[in-house]
Amino acid sequence: MLNTFRMKVFGACYAEYDNVEDLADLFRDPSLPRPFFPIGAGSNLLFLGDFPGTILHSRIRFVEVLPGDSGSVRVRVGSGVVWDDFCAWAAAKGWWGPENLSLIPGETGAAAVQNIGAYGREVKDLIVEVECLDTQSLAPVRFSVEACGYGYRESRFKQDWKGRFVITAVTFALMREYAPELDYGPVREAVAQAWGTDRDLTPRQVRDTVIAIRRAKLPDPAEIGNAGSYFRNPCVSADQFRAVRTIAAEKGFGDVPYFDTGEQLVKIPAAWLIERCGWKGFSEGNVGVYARQPLVLVNATGNATPDEIRSLENRIVDSVQRTFGVRLCPEVEKVGLPASPDL
Ligand SMILES: Cc1cc2nc3c(=O)[nH]c(=O)nc-3n(C[C@H](O)[C@H](O)[C@H](O)COP(=O)(O)OP(=O)(O)OC[C@H]3O[C@@H](n4cnc5c(N)ncnc54)[C@H](O)[C@@H]3O)c2cc1C
């Protein structure tokens with residue numbers, strides 16, 4: 001079944017749709033096993049076992065340029081378009097916006113569910129409107145970006161709207177004017193190294209640089225099963241952050257990296273916490289922690305079971321909690337019934 005963790009799990013039924021009417025017909029069909037579960041590339045999912053219902057997959061694959069204003073251009077994209085294909089398309093046009101989000105696996109519908117983010121840009125910053133099928137009324141509906149409740153890797157599609165709306169298309173505003181975002185992590189330095197300057201760049205150059213950074217750091221799911229960052233970066237109060245700093249100083253871990261969220265919360269990189277607890281490069285049985293990026297749990301042999309991944313998750317969460325008093329939350333979504341609920 002379609003999942004980048006490469007778990008050997010199956011759905012009772014799998015259905016694809018080409019447009020919103022086809023999708024509504026699937027919901028009307030009483031012969032299809034329930035529940036329904038919309039999927040993209042399965043790159044943020046851990047199936048806990050075989051799925052008893054119907055997996056829905058979008059084949060709505062169009063990219064349509066709409067009239068914009070002089071500074072921006074509006075582009076409507078079908079939910080089944082591979083996200084990175086859209087990034088490549090925009091870069092080839094010379095339009096700014098998605099270049100920092102290049103090479104994130106998955107499809108456009110899921111990108112709007114997840115509010116994908118990388119290197120200082122989140123997809124919510126580009127979204128104008130999201131089109132869906134309302135699975136209760138079976139009517140098409142549209143939501144403005146404001147209505148979608150976006151936050152860090154969050155949206156209403158993951159919360160109170162979960163199961164209610166299936167995304168069929170997303171409209172983005174891309175910029176014609178020079179608008180690179182280079183101020184996050186290694187991007188500016190890598191751009192300057194690759195192109196000899198960090199000025200007068202093209203979206204294509206920034207995209208190529210981001211791809212090179214990602215390839216050096218992250219495992220390719222075609223080679224090693226994984227679902228990207230397994231944990232979210234925890235956001236803690238100022239008091240809790242002070243406590244983490246004290247623990248880090250006592251243990252000789254050095255300065256604690258952080259980002260100020262501007263909402264009285266401090267975001268700490270989960271990778272730093274996991275690495276300080278000794279998990280980077282850990283390997284046991286079929287599973288492990290990726291040596292170049294400790295946020296990524298891997299199906300190292302291709303034969304890992306969901307229980308093995310969950311067991312490793314629990315051990316990491318416990319050790320970070322014991323060491324720093326910070327509880328990590330998974331970013332990866334678990335689907336279906338656990339084989340061993342007690343793990
Ligand atoms: C190597 C690797 C690197 C990654 N790097 C990043 C990164 O830098 N930043 C980042 O944000 N994420 C990253 N991810 C996570 C992942 O790629 C994103 O979350 C992506 O958006 C998931 O897309 P997908 O199509 O695979 O969705 P899936 O995993 O199939 O689904 C994700 C969720 O969206 C729902 N969904 C899917 N399609 C629809 C639809 N049409 N309508 C309604 N709901 C739908 C599903 O039900 C599920 O809840 C990475 C993953 C991997 C494997």
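**View 1. Domain 1 and domain 2 of the predicted model, whose C-alpha centres lie 24 Å apart.** The protein is divided into domain 1, covering residues 11-58, domain 2, covering residues 63-217, and domain 3, covering residues 225-335. Where domain 1 meets domain 2, 14 residues of domain 1 are in contact with 14 residues of domain 2.

**View 2. The area buried between domain 1 and domain 2.** The size of an interface is often given as the accessible area lost when the parts come together. Domain 1 and domain 2 bury about 1100 Å² between them, and 69% of this area is on carbon and sulfur atoms. On the side of domain 1, the residues that lose the most area to domain 2 are Val20, Phe27 and Ser58, which together account for 37% of what that side buries.

**View 3. The shell of 33 residues around the ligand.** Among these residues, Pro38, Gly40, Ser43, Gly117 and Glu333 come nearest to the ligand. At least two residues of the shell are supplied by each of β2 (36-39), α3 (108-114), β7 (117-118), β11 (165-175) and β12 (225-229), and α3 gives the most, with four residues. By residue type, the shell divides into 18 nonpolar, 10 polar and five charged residues.

View 4. Of the 990 Å² of accessible area that the ligand has on its own, the protein covers 94%.

Note on methods: Residues are numbered from 1 along each chain as its sequence is written. This is a predicted model: local features need pLDDT of at least 70, side-chain atom pairs count only at pLDDT 80 or more; totals for chains, interfaces and linings use all residues. Side-chain values use heavy atoms; hydrogens and water are left out. A residue is near a molecule or strand if one of its heavy atoms lies within 4 Å of it. Accessible areas come from the Shrake-Rupley method with a 1.4 Å probe; for residues, only the protein chains shown count as cover. Ala, Val, Leu, Ile, Met, Phe, Trp, Tyr, Cys and Pro count as nonpolar, Asp, Glu, Lys and Arg as charged, and the others, Gly among them, as polar. Domain bounds come from an automatic or database domain assignment. Contact means heavy atoms within 4.5 Å. Buried area is the accessible area (1.4 Å probe) that two parts lose on being put together, summed over both.
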